[in-house]
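These are my notebook entries on a single chain and its ligands. I set down what I looked up, in the order in which I looked.

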Amino acid sequence: MTKLSVNINKIATLRNARGGDVPNVLEAAKNIESFGAEGITVHPRPDERHIRYADARELKPLLKTEFNIEGKPIQQFIDLVMEVKPAQVTLVPDAEEAITSNAGWDTVKHRDYLKEVISEFKNNGIRTSIFVDPVKEMIEGAAETGTDRIELYTESFAVDYEKGDTNAAKSYTECAEIANQLGLGINAGHDLSLKNIRFFKEKVPHLDEVSIGHALISEALYMGLEKTIQKYLKLLK
Ligand SMILES: CC(=O)[C@@H](O)[C@H](O)COP(=O)(O)O
Ligand SMILES: NCC(=O)COP(=O)(O)O
């Protein structure tokens with residue numbers, strides 16, 4: 001069964017827009033869980049453009065589902081994750097000035113660095129996942145790092161699917177099979193939406209979890225959070 005982890009970054013974007021506490025991120029996360037989400041994902045960036053480090057600290061004791069913290073493993077991020085101890089940490093090679101995550105790890109070039117960071121988190125009981133492009137060599141390199149899971153970076157799938165490419169998920173199908181054979185858990189995320197999630201789910205085997213934020217929050221502007229989450233859960237069955 002593929003779990004739905006809702007990324008609440010964009011709720012924090014709206015909250016920050018006026019410098020107050022509306023919408024309240026903690027309340028939203030609790031409601032999202034009550035609507036059936038099986039996880040909450042946050043991606044605190046160094047500039048705290050949306051989710052703040054304090055949000056991650058305050059969310060942990062409140063959540064009943066799996067907490068996934070995503071980010072680049074700079075020291076302040078590592079310190080936050082070691083303090084909060086979420087169920088899962090997802091390492092993303094973000095450039096600080098990037099408008100959003102836009103690449104997976106080069107797991108061959110950064111193997112030793114990733115091995116070191118991953119073992120620190122695993123030794124503290126935190127499941128690890130690393131953000132990777134759907135490239136065979138990157139999946140094989142990920143297995144060398146000792147990570148529990150990979151997160152397949154799905155922007156290229158979303159772009160190709162939007163163009164009507166029926167082979168949009170081909171590399172993801174292949175990489176999921178390789179990852180499974182290597183004993184890696186498989187997550188996926190970035191630009192997944194109500195429009196493309198069913199196709200992705202049908203084409204990609206062994207999918208443990210999808211984390212979805214930008215499209216889900218945007219869709220909820222029209223349908224509401226509860227109805228939107230219920231639609232995703234139905235499409236992931
Ligand atoms: C790693 C990933 O794909 C998501 O965490 C994405 O980066 C969301 O970040 P923003 O909400 O800042 O776009
Ligand atoms: N890891 C992907 C994520 O958490 C949400 O990405 P997006 O749906 O906001 O593009």
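Predicted model: local features only at pLDDT ≥ 70, side-chain atom pairs only at ≥ 80, totals over all residues.

I placed L4 in strand β1, which covers residues 3-7. I then looked up accessibility: L4 has 0% relative accessibility and therefore counts as buried, the cut-off being under 20%. I also took the separation of L4 from K136: the two are 132 residues apart along the chain, and their C-alpha atoms are separated by 25 Å.

Entry on the annotated site. I consulted UniProt, where an unreviewed entry lists H43, E70 and H190 under "active site". I asked why these residues can be said to gather at one spot. They span 148 residues in sequence, yet no two of their C-alpha atoms are more than 12.0 Å apart, so they do come together at one spot. From this set, H43 is part of the lining of the largest cavity.

Entry on H43. I found H43 in the loop between β2 (39-42) and α3 (53-59). H43 counts as buried because its relative accessibility, 3%, is under 20%. Leaving aside neighbours within four places in sequence, I noted its contacts with N7, N9, H50, I51, E70, G71, V92, D94 and S101.

Entry on E70. I placed E70 in strand β3, residues 66-71. E70 is buried too, with a relative accessible area of 6%. Beyond four places in sequence, I recorded contacts of E70 with N7, T41, V42, H43, P44, F77, T90, V92, E151 and S211.

Entry on ligand 1. I asked which residues surround ligand 1. I listed N7, N9, K10, H43, R45, H50, E70, V92, T100, S101, F131 and H190. I then looked for polar side-chain atoms beside oxygen atoms of ligand 1. I found one of T100 at 2.5 Å, one of H190 at 2.6 Å and one of K10 at 2.8 Å. Ligand 1 taken alone exposes 350 Å², of which the protein buries 90%.

Entry on ligand 2. Around ligand 2 I found N7, T41, E70, E151, G189, H190, D191, S211, I212, G213 and H214. Ligand 2 taken alone exposes 300 Å², and the protein buries 93% of that.

Entry on backbone geometry. I asked which peptide bond is cis, with omega near -5°. I identified the bond from V22 to P23, and I placed P23 in the loop between α1 (9-16) and α2 (25-34). I next noted E48, which has a positive phi of about 50° although it is not a glycine. E48 is in the loop between β2 and α3 and is partly exposed, with a relative accessible area of 32%. I recorded a positive phi, near 50°, for K85 as well. K85 is found in the loop between α4 (75-84) and β4 (88-91), and at 34% relative accessibility K85 counts as partly exposed.

Technical notes: Residues numbered from 1 in each chain as written. Chains lettered and ligands numbered in written order. Heavy atoms only, no water. UniProt positions renumbered as here; feature names shortened; annotations may be inferred. 1 Å grid on protein atoms, 1.4 Å probe; cavity = no way out; pocket = protein on both sides within 12 Å on 5 of 7 lines; lining within 4 Å. Helix = DSSP H or I, 4+ residues; strand = E, 2+ residues; numbered from the N terminus. Buried < 20%, exposed > 50% of the residue type's maximum accessible area, 1.4 Å probe, protein only. Contact = heavy atoms within 4.5 Å. Near = heavy atom within 4 Å. Polar contact = N/O pair within 3.5 Å; in protein donor to acceptor, adjacent residues only side chain to side chain. Areas by Shrake-Rupley, 256 points an atom, 1.4 Å probe, with all protein chains shown as cover.
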